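Here's a quick tour of one model, starting with a strand pairing and moving on to helices and a pocket. Have a look at it first.

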Amino acid sequence: YGAARGAEMLSLMLGCGIVSRLISGLIADRIGGVRTLLLGSVLQGAALCLFLPFDGLFSLYVISALFGLFQGGIVPAYALIVREHFTPHEAGARVGTVTSGNFSPMLEHGIALALVDSGADAAPGTTVTIEQRGRAMTATVVKTPFVRAGQWATGN
């Protein structure tokens, strides 16, 4: 259909994205940031799937508008999620989240798996502060596996 039609569809999508930010804010006030993010992501995926079977000009405009309505509130939802789940102190200093942990009888030491921000200063060997059941503790970042040849990994 040409670049001019593509630019019109993009403009329509971005305009609907602005409206979506306002609507998503109202939805997030009612159901929370995580649910708003999930709702927007599912609807955005559905809109993307609609591009496959339709190729008429009018239908592409409608789908572009729907995509804009569904995607506009996704990025602001992340800020709401941080606000809902982390204290102001944590939000500025947190480098990751522990996903699971347990005591290792073999190592006689606690171990945990965590998602660590790739941009954070948390390379293997770095000492970080973690929170366990409301208590601050220190931990050392190591690559998995925790044990190599029966020895505790030392940040390599």
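Which residue in β2 does Ser100 stand opposite? Leu113 is the one facing Ser100. This is a predicted model, so local features need pLDDT of at least 70 and side-chain atom pairs pLDDT 80 or more, while totals for chains, interfaces and linings use all residues. Numbering runs from 1 along each chain as its sequence is written, and side-chain values use heavy atoms, with hydrogens and water left out.

β1 and β2 pair in the antiparallel sense over eight bridges (pairing takes at least two DSSP bridges). The two strands make a hairpin with four residues between them, and Glu108 in that turn has a positive phi of about 55°.

Now the helices (DSSP H or I runs of at least four residues; strands are E runs of at least two). The axes of α2 and α3, lines fitted to C-alpha atoms over the stretch in contact, come within 8 Å and cross at roughly 165°. α2 and α3 are therefore roughly antiparallel (over 145 degrees on a 0 to 180 scale).

The second largest pocket holds about 160 Å³ of space.

A pocket here is an open set of points on a 1 Å grid where a 1.4 Å probe fits, with protein on both sides within 12 Å along at least five of seven lines; lining residues have an atom within 4 Å of a point. Among the lining residues are Ser20, Leu39 and Phe70.

Terms used:
Points joined across faces, edges and corners; volume = space filled by probe spheres on them. Parallel < 35°, antiparallel > 145°, perpendicular 65-115°, else oblique.
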